[in-house]
Amino acid sequence: MKQFENLEGNFALDASEKISRAHYDKRNSDALNTGLSAADGISDPNITTFVRGGSPSYAGLSTFLRSPFLEDVNEVNKYDVAFVGAPFDAGTTFRPGTRFGPESMRQISKLYRTYHFEAGIDLAESISMCDLGDIYSIHNLEKQNAQLEKALHHIISNGVFPVVLGGDHSIAYGTLRGVAKAVDGKVGVIQIDRHLDMQVSEMDEKMHDTPLYHASKLPNLDGNNIVQIGIGGWQNDVKGSIEAKKNGNTILTMGDVDEFGIDKIAEIALEKAWANGVKAVYLTIDIDSVDSGISMGTGWPEPGGFLPREILKLVKKLAAPGLIGMELVEVSPPYDHHNQTALMGTRIICDTLSSLVVNHKLGK
């Protein structure tokens with residue numbers, strides 16, 4: 001029947017036949033060379049004595065999506081994407097634990113393959129990815145921000161797309177400093193969050209509810225190019241709201257999402273973030289933007305946020321014109337239930353990368 005000819009499932013099955021297997025075949029070959037062939041009596045030719053490559057999911061070293069660990073960060077320019085952990089939670093004001101977020105997301109990402117069914121692509125065949133390990137976290141906010149700034153500046157200056165695994169949201173001030181320093185021109189920011197993070201200070205420090213305020217004072221980052229999506233609930237401070245108004249930020253609440261839909265919200269966000277000659281846009285995502293019934297493993301859980309399909313559709317739309325980098329913050333394993341929050345964060349990252357590849361904004 002003609003009305004069913006354009007099913008996404010049909011597209012995915014057709015696309016699967018066109019995906020290269022070069023990376024997969026090389027990984028299997030390398031595993032056999034380095035892990036010893038299997039013991040006598042094992043008939044599967046891809047099984048090795050020692051775990052190498054991508055199988056089984058419960059074993060092997062934990063890098064994000066099993067990307068190769070890059071010991072020498074001076075060689076990062078050989079890759080398209082670099083995953084980097086920011087295990088930091090000294091900026092947390094309520095429930096600590098996000099210093100374990102990067103480890104949790106890396107571990108749960110072993111469940112994933114690099115093949116995205118609906119998009120009809122394999123990330124590993126389309127782009128080169130590495131894991132740089134963790135930024136050396138110093139539990140002092142100013143020193144940590146300096147570390148983050150240097151790390152992001154190094155990655156972006158080498159022409160590589162950074163994916164930062166947080167860490168509490170205070171890291172956004174440091175990462176955005178690195179982005180702004182690396183970009184020759186104006187920078188825009190899209191934040192997906194339940195909270196504004198626009199206070200001048202909290203507990204007399206630049207805690208995780210202040211980073212967007214301080215980032216907006218950078219010379220090439222204008223508040224008119226900051227868009228915050230998903231804001232609302234009972235955990236924002238009126239002082240942050242006043243600063244967001246003064247700053248010219250665009251605030252899109254969950255009520256706005258319900259009223260206008262994901263497509264329109266993404267359109268508004270992109271128009272504002274890229275306005276006035278912006279050269280690059282950075283995406284910062286707080287996992288507490290996803291409803292707390294799903295992402296309870298976070299520092300400030302708030303009911304009423306995005307459902308999984310909504311946020312996955314949103315990030316794909318936001319990534320379509322291209323991004324300079326992204327971060328996923330506030331995964332807090334001590335409060336996570338069966339790794340569901342870490343799994344959600346991992347999926348958001350993967351879908352964002354998939355959109356960048358599909359829209360020819362990453363890779364060759």
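This is a predicted model: local features need pLDDT of at least 70, side-chain atom pairs count only at pLDDT 80 or more; totals for chains, interfaces and linings use all residues.

Biologist: Let's start with strands: how many bridges pair β6 with strand β9, and in which sense?

Modeller: The general idea is that strands of a sheet pair through backbone hydrogen bonds, either parallel or antiparallel. Two strands count as paired if DSSP finds at least two bridges between them. Here, β6 and β9 (residues 278-286) pair in the parallel sense over seven bridges. Within that pairing, Val187 stands opposite Ala280 of β9. As for the names, helices (H or I, at least four residues) and strands (E, at least two) are DSSP runs numbered from the N terminus.

Biologist: Which other strand pairs with β6?

Modeller: Strand β7 (residues 221-231) does, in the parallel sense over five bridges. Look for Ile190, whose bridge partner in β7 is Val227. Moving on from β9, strand β10 (residues 325-329) pairs with β9, again parallel, over five bridges. There, Tyr282 has Gly325 of β10 as its bridge partner.

Biologist: In what order do the strands of the sheet come?

Modeller: Eight strands make an open sheet with parallel pairing, in the order β4-β1-β5-β10-β9-β6-β7-β8. The edges are β4 (129-134) and β8 (250-253); each has a single partner strand, so one side of each has no neighbour in the sheet. On average, neighbouring strands are turned by 15 degrees against each other, direction ignored. For angles like that, axes are lines fitted to C-alpha atoms (for helices, over the stretch in contact), and angles run from 0 to 180 degrees between N-to-C directions.

Biologist: Is β6 largely enclosed or left open?

Modeller: Start with the cut-offs: buried means under 20% relative accessible area, exposed over 50%, and partly exposed in between, using a 1.4 Å probe and protein chains only. Six of the seven residues of β6 (residues 186-192) are buried, so the rest of the structure largely encloses this strand.

Biologist: Which helix lies across β6, β7 and β9?

Modeller: That's α10, running at about 170 degrees to β6. Now see how α10 (residues 308-319) meets helix α9 (residues 254-273): their axes come within 9 Å and cross at roughly 35 degrees. The crossing is right-handed; a crossing gets that label if the near helix is turned clockwise from the far one by less than a right angle, and left-handed if anticlockwise. Contact means heavy atoms within 4.5 Å, and the residues making it include Ala266 and Ala269 of α9, and Leu314 and Leu318 of α10.

Biologist: At what angle do α5 and α6 pack?

Modeller: Helix α5 (residues 141-157) and helix α6 (residues 171-182) pack at about 40 degrees, with axes 7 Å apart. Their crossing is right-handed too.

Biologist: Which residues touch the most other members of the largest nonpolar core?

Modeller: In soluble globular proteins, nonpolar side chains tend to be buried together. A nonpolar core is a set of buried Ala, Val, Leu, Ile, Met, Phe, Trp, Tyr and Cys residues joined through side-chain atoms within 4.5 Å. The largest one here has 53 residues, and Ile229, Ile311, Leu318, Ile348, Ile349 and Leu353 touch the most other members. Leu318, for one, touches residues including Ile190, Ile229 and Ala266, not counting residues up to four places away in sequence. Apart from this core lies another of 39 residues, with Leu141 and Met198 among them.

Biologist: How many disulfides are there?

Modeller: A disulfide is a covalent bond between the sulfur atoms of two cysteines; the test is a pair of cysteine sulfur atoms within 2.5 Å. The search of the whole structure finds zero. For Cys130, the nearest cysteine sulfur, that of Cys350, is 15 Å away. Cys130 is buried at 0% relative accessible area, and Cys350 counts as buried at 10%.

Notes
Residues are numbered from 1 along each chain as its sequence is written. Side-chain values use heavy atoms; hydrogens and water are left out.
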